[in-house]
Amino acid sequence: MWIAATLIAALAQTGRNAAQAGLTARIGTMGATGVRFLFGLPFALLFLFAVAQAAPLPALTALAAGWALVGALAQIAATALMLSAMQRRGFAVATALVKTEPLTLALMGAAVLAEPLGPARLGAIATATLGVLLLSGGGWQRAGGRPVALAVAAGALFGLSALGFRAAILALGEGPSVARASVVLVLALAIQTLLIGGWLAARDRRALRGMASAWRESLGAGFLGALASQFWFIGFALAPAADVRTLALVEVVFAAAVSRRRREAMGRRELAGMALVVAGVAWLLRAA
């Protein structure tokens, strides 16, 4: 089930990233970042309502709320850095650099949540991460140091956010995985909506007006973001976050398809990197 959830999430996230990247040029980085949360929360509430009809919802704990806050803050920063990197470099390459996340996430999971690494898991994650580096390596000279640093930093923060969300879900104790995941998702998006909405209202009302004027595109990006997050959180409830995010590297294949439509060419180096990503993911699934 975690494999299916991750694949659905990766596909939805690719669509959301493309929608946000298009919005960035129109309403700015913070405006496009806010769309993910402000327009995603209503859909997350709908998902939670649907889940509540089929299963009891767990009681929220202080520990779960604390971890959700860590994940929410890290995700806001990661999303802003990712969109900035996409503005400075091609969509597929920026997405690939962000996906250096699983290796650091595996180490954080072992240190914080005592999730076992093992040689097979480490080898699979390292292989997929090497593929990501190779996939993005051909554009480093053209990209320059700043966009590369932005994308890698975004990947590390996305790893921290995944760790926080999985810890929050586990802190809710026993119960249906989908119910625990849905509760944490709504909590995280509520925190993010409050913070981002307040910041934009105080510092960037032009971005809020831009969201309103581009409400159709914003609504689509919000739905895809909430859909992706719903399935990411289900995956986190069922498997170690590093495994989920390593399997999610198949997103670079989806991103490559998007980049073709945007006429961003991929050479032999990128194709070889993609092959390593696929090999690492296959190794991970065999070891799981």
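Visitor: Does Arg16 count as buried or exposed?

Guide: Buried means under 20% relative accessible area, exposed means over 50%, and partly exposed lies in between, using a 1.4 Å probe and protein chains only. Arg16 has 1% relative accessibility, so Arg16 counts as buried. The residue sits in helix α1. Keep in mind that this is a predicted model, in which local features need pLDDT of at least 70 and side-chain atom pairs count only at pLDDT 80 or more, while totals for chains, interfaces and linings use all residues. Residues are numbered from 1 along each chain as its sequence is written, and side-chain values use heavy atoms, with hydrogens and water left out.

Visitor: Which residues does Arg16 touch?

Guide: Contact means heavy atoms within 4.5 Å. Not counting residues up to four places away in sequence, Arg16 touches Arg36, Met82, Ala221, Leu224 and Gly225.

Visitor: Where is Thr6, and what is Thr6 in contact with?

Guide: Thr6 is also placed in helix α1. With a relative accessible area of 0%, Thr6 is buried. Apart from neighbours within four places in sequence, Thr6 is in contact with Trp232, Val244, Leu247 and Ala248.

Visitor: How many helices and strands does the protein have?

Guide: Helices are DSSP runs of H or I with at least four residues, strands are runs of E with at least two, and both are numbered from the N terminus. This protein has 15 helices and zero strands. Of its 288 residues, 55% are buried. Among the contacts with a separation of 6 or more, 87% are between residues 24 or more positions apart.

Visitor: How are two packed helices described?

Guide: By the angle between their axes and the distance between the axes. Axes are lines fitted to C-alpha atoms, for helices over the stretch in contact, and the angles run from 0 to 180 degrees between N-to-C directions. Take α1 (2-27) and α12 (215-238). Their axes come within 7 Å and cross at roughly 150 degrees.

Visitor: What is the orientation of α1 and α12 called?

Guide: Under 35 degrees is roughly parallel, over 145 roughly antiparallel, 65 to 115 roughly perpendicular, and the rest oblique. By that rule α1 and α12 are roughly antiparallel to each other. A crossing is left-handed if the near helix is turned anticlockwise from the far one by less than a right angle, and right-handed if clockwise. The α1 and α12 crossing is left-handed.

Visitor: At what angle do α3 and α10 pack?

Guide: Helix α3 (residues 41-52) packs with α10 at about 155 degrees, with the axes 9 Å apart. The two are therefore roughly antiparallel, and their crossing is left-handed. In α3, Leu41, Ala44, Leu45, Leu48 and Val51 take part; the residues they meet in α10 include Val178, Ser182, Leu185 and Leu189.

Visitor: Are α2 and α11 parallel or oblique to each other?

Guide: Their axes are 9 Å apart and the packing angle is about 60 degrees, so α2 and α11 are oblique. Here the crossing is right-handed. Gly31, Gly34, Val35 and Leu38 of α2 meet Ala207, Leu208 and Met211 of α11.

Visitor: Which residues of α11 are buried, and why are they on the same side?

Guide: In α11 (residues 205-213), the buried residues are Ala207, Gly210 and Met211. They are on the same side because they cover an arc of only 100 degrees around the axis, the arc being that of the directions from the helix axis to the C-beta atoms. The face turned away from that side carries the exposed residues Arg205, Arg206, Arg209 and Ser213. Covering the buried residues are, among others, α1, α2 (29-38), α10 (177-203) and α12.

Visitor: Where does UniProt place the feature "transmembrane region"?

Guide: UniProt positions use the numbering here, feature names are shortened, and annotations may be inferred rather than shown by experiment. The unreviewed entry lists several spans, including 34-52 and 178-202. In the model, residues 34-52 are 89% helix and 0% strand, with end C-alpha atoms 27 Å apart. Residues 178-202 are 100% helix and 0% strand, with end C-alpha atoms 36 Å apart.

Visitor: How far apart are Val70 and Gly164 in sequence and in space?

Guide: They are 94 residues apart in sequence and 5.7 Å apart in space, C-alpha to C-alpha. Val70 belongs to helix α4 (residues 62-88) and is partly exposed at 32% relative accessible area.
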